[in-house]
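Please work through the exercises below with the sequence and the 3D view open beside you, trying each task before you read its solution.

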Amino acid sequence: MTVPMTVAAVGVHVLDTHVLGVESIPERSDGQLVETIRMSAAGTAGGTAVVLARLGATVRSYGAVGTDAVGDTLLALLGREGVDTSGLVRKDATQTSASVLPVRPNGDRPAWHCIGANGAFTLDDLPDDLLDGLSHLHLGGPEFLGGDAAGELLARARAAGVTTSVDVLAPGDPDMLDWIVAALPHVDHLLPNDEQVLGFTRAGTVAEGATALLGLGVGAVAVTQGARGALVATPGGVDEVPAYPVDVVDTTGCGDAFSAGYLRGLSLGRGPVEAARLGCATAAQVAGGLGSDAGTYDLSTVVGLASR
């Protein structure tokens, strides 16, 4: 399957360190043996970039990292997946964004997170030729730019004929929605999770919340719902898409994997509901391992699963 797709993954890039098999945090200075410690490229832009590359897209990352060893590692992991990292600027004054995730036996994963260079990223860090040759621009973490700046970027992309999508990193809160609302009329596809939708809108159901977001100018809303799969709201109505069975190891990166599968589905000419099936199939690959780069799947793998 060789349908081309050229994507700019703009915004949040994070180095995740996963610690598998954590049942409790040791007391005082005690130690504890664990099953695995593993690093992966992550973030609402970085994690999505990795999975899109796995699915055969040409991916260029844009954002900010530090000049530290954490940044070196993050760039190396992205590059190993075939992501073009030349658009990631390096900031001397702040560290690379990073998270440590102790993964419990049931797949839950609380996190310690350092915002780092993601908080220093601005539109001035983007090159003038950003939109050249693009078919899609995915903005991960519009809240770091603010709604006006994010809207400016997304409007430029749409004026150039580029499809746009957005995934918000922050938890759902009406104040956060107010912060980014200026960007929403320029978003073709919004990719939140169910908790964000309910928090943003204070709606009684995810369907009602997703429909309310359409009313703010978004073209389509594809909501991840964990083990319940996804919900897709378009002007034509609301549809549920079930998740695929999987033995869960770690749910880190499943939202980013869904985004990547959904966007790749759009590039194949699928409508939002069928694209969400591809998104759920991709998320299932990632849930069976550690991090966004878990597994050995490719586009044919997830297309086959989504066709069942």
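**Exercise 1: Two arginines in loops**

Arg202 is found in the loop between α5 (194–201) and α6 (206–214), where helices (H or I, at least four residues) and strands (E, at least two) are DSSP runs numbered from the N terminus. This is a predicted model, in which local features need pLDDT of at least 70 and side-chain atom pairs count only at pLDDT 80 or more, while totals for chains, interfaces and linings use all residues. Residues are numbered from 1 along each chain as its sequence is written, and side-chain values use heavy atoms, with hydrogens and water left out.

Task: Is Arg202 buried or exposed?

Solution. Begin with the backbone: the phi of Arg202 is near 60°, a positive value in a residue other than glycine. Then turn to accessibility, where buried means under 20% relative accessible area, exposed over 50%, and partly exposed in between (1.4 Å probe, protein chains only). Because its relative accessibility is 57%, Arg202 counts as exposed. Now take Arg28, which sits in the loop between β2 (14–20) and β3 (36–42) and has a positive phi of about 50° although it is not a glycine. Arg28 is exposed as well, with a relative accessible area of 72%.

**Exercise 2: The four-stranded sheet**

Task: In what order do the four strands of the open sheet with β3 and β7 stand?

Solution. Two strands pair if DSSP finds at least two bridges between them, and with this rule the order is β3-β2-β6-β7, with mixed pairing. At the edges stand β3 and β7 (112–114), each with a single partner strand, so one side of each has no neighbour in the sheet. From one strand to the next the twist averages 15°, with axes being lines fitted to C-alpha atoms (for helices over the stretch in contact) and angles running from 0 to 180 degrees between N-to-C directions. As a closer look at one pair, β6 (residues 98–103) and β7 are antiparallel over three bridges, and Val100 stands opposite Trp112 in β7. Helix α2 (residues 69–80) packs on this sheet and touches β2, β3 and β6, its direction making about 75° with that of β3; such contact means heavy atoms within 4.5 Å.

**Exercise 3: A histidine and its surroundings**

Solution. Leaving aside neighbours within four places in sequence, the residues in contact with His13 include Ala42, Tyr62, Leu74 and Asn118.

**Exercise 4: Two packed helices**

Task: At what angle do α8 and α9 pack?

Solution. Helix α8 and helix α9 (residues 299–306) pack at about 115°, with their axes 8 Å apart. Among the residues that meet are Arg277 and Leu278 in α8, and Leu299 and Thr301 in α9.
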